[in-house]
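Below are my comments on the model you sent. They are set out as numbered points, to be read with the structure open.

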Amino acid sequence: MFNHIVLFFVAIGIGIVGAMIGWELSTVIILIVSLTVLNIGYYLYIVFNSKNVKRLEKMIESNRKDPMYGFLWALKNEDIKDAVEHLETLMEKYKKTSNYYAYGYIKEILLNNLDGARRHAEDMKDTPIGRYSLAAVDAYEGNGEQHFNTTFSKPWMADSIKATHYYIIGNRELFENHRDLVIAKSKGIQLLSNIYSYKLLEKT
């Protein structure tokens with residue numbers, strides 16, 4: 001939000017300066033559009049590609065009124081009740097879409113309801129996230145080995161299945177090895193989600 005406010009005032013400043021020194025309107029517009037594109041590009045880079053945890057956490061803190069960022073902020077603070085409420089808001093927003101089932105799956109995992117999580121995963125089993133979610137439920141039940149040779153849509157997912165499986169069966173060394181691989185292969189807000197999820201898992 002702060003960045004958008006700054007961009008707004010910068011745009012006004014460019015307009016005023018442009019008028020004072022006689023720039024063509026088209027020049028002013030091009031400069032403003034260019035700044036806007038750069039700002040959007042920077043934002044998308046942070047969301048999807050950054051590995052700077054402090055910068056990512058600052059972003060979710062400043063946008064925590066948005067239910068997605070609010071959910072991540074709640075996870076960071078280990079506030080399951082608040083995290084579930086944000087997920088329910090997202091489910092209401094994305095009714096009858098695969099996102100509805102994805103958020104429902106996460107909600108049931110947080111509530112330690114594996115049967116509910118499996119039902120949501122089954123509802124999206126034909127999607128990449130659905131196939132991963134079904135494998136993850138198996139891992140939470142200690143049956144993750146059957147998916148160890150499965151190819152998933154994201155580089156971190158295979159290690160996530162292994163990390164969860166090894167945690168459940170009590171192999172601390174292999175859990176930590178694969179947990180660290182998951183974090184190393186993650187980026188953007190997915191990195192935060194994985195970091196916070198493992199911290200919660202280790203407290204169960």
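1. At what angle do helix 8 and helix 9 pack, and how far apart are their axes? In this predicted model, helix 8 (residues 128-140) and helix 9 (residues 157-169) pack at about 15°, and their axes lie 8 Å apart. An angle under 35 degrees counts as roughly parallel, and helix 8 and helix 9 are therefore roughly parallel to each other. The crossing of helix 8 past helix 9 is right-handed.

2. Which residues make this contact? From helix 8 come Ile129, Tyr132, Ala135, Ala136, Ala139 and Tyr140; helix 9 meets them with Met157, Ser160, Ile161, Thr164, His165 and Ile168. By type, the contact of helix 8 with helix 9 holds nine nonpolar residues, three polar and no charged.

3. On the overall fold: the protein has 11 helices and zero strands. Its pattern along the sequence is accordingly written α-α-α-α-α-α-α-α-α-α-α. Of its 204 residues, 40% count as buried. Among contacts with a separation of 6 or more, 44% are between residues 24 or more positions apart.

4. The largest nonpolar core has 25 residues, and the members that touch the most others are Tyr105, Tyr132, Phe152, Ile161, Phe175 and Tyr198. Two or more residues each come from helix 6 (98-110), helix 7 (114-123), helix 8, helix 9, helix 10 (172-185) and helix 11 (189-201). Helix 8 gives the largest share of this core, six residues. Apart from this core lies another, of 21 residues, including Ile60, Leu75, Ile195 and Leu200. As background, nonpolar side chains in soluble globular proteins tend to be buried together.

5. Tyr132 deserves a look of its own. Not counting residues up to four places away in sequence, Tyr132 touches Phe152, Trp156, Met157, Ser160 and Ile161.

6. Is Asp138 buried or exposed? Asp138 sits in helix 8. The cut-off for buried is under 20% relative accessible area; Asp138 has 12% and is therefore buried. Leaving aside neighbours within four places in sequence, Asp138 is in contact with Arg118, Asn143, Gly144, Gln146 and His147.

7. Helix 3 (residues 53-62) packs on helix 11 at about 95°, with the axes 10 Å apart. Angles of 65 to 115 degrees count as roughly perpendicular, so helix 3 is roughly perpendicular to helix 11. Val53, Leu56, Glu57, Met59 and Ile60 of helix 3 meet Ile189, Leu191, Leu192, Ile195 and Tyr196 of helix 11. The residues of this contact divide into nine nonpolar, no polar and one charged.

8. Glu78 lies in the loop between helix 4 (67-76) and helix 5 (80-93), and is partly exposed at 36% relative accessible area. Asn112, also not a glycine, has a positive phi of about 60°. Asn112 lies in the loop between helix 6 and helix 7; with a relative accessible area of 65%, Asn112 is exposed.

Key: Residues are numbered from 1 along each chain as its sequence is written. This is a predicted model: local features need pLDDT of at least 70, side-chain atom pairs count only at pLDDT 80 or more; totals for chains, interfaces and linings use all residues. Side-chain values use heavy atoms; hydrogens and water are left out. Axes are lines fitted to C-alpha atoms, for helices over the stretch in contact, and angles run from 0 to 180 degrees between N-to-C directions. Helices (H or I, at least four residues) and strands (E, at least two) are DSSP runs, numbered from the N terminus. Angles under 35 degrees count as roughly parallel, over 145 as roughly antiparallel, 65 to 115 as roughly perpendicular and the rest as oblique. A crossing is left-handed if the near helix is turned anticlockwise from the far one by less than a right angle, and right-handed if clockwise. Contact means heavy atoms within 4.5 Å. Ala, Val, Leu, Ile, Met, Phe, Trp, Tyr, Cys and Pro count as nonpolar, Asp, Glu, Lys and Arg as charged, and the others, Gly among them, as polar. A nonpolar core is a set of buried Ala, Val, Leu, Ile, Met, Phe, Trp, Tyr and Cys residues joined through side-chain atoms within 4.5 Å. Buried means under 20% relative accessible area, exposed over 50%, partly exposed in between (1.4 Å probe, protein chains only).
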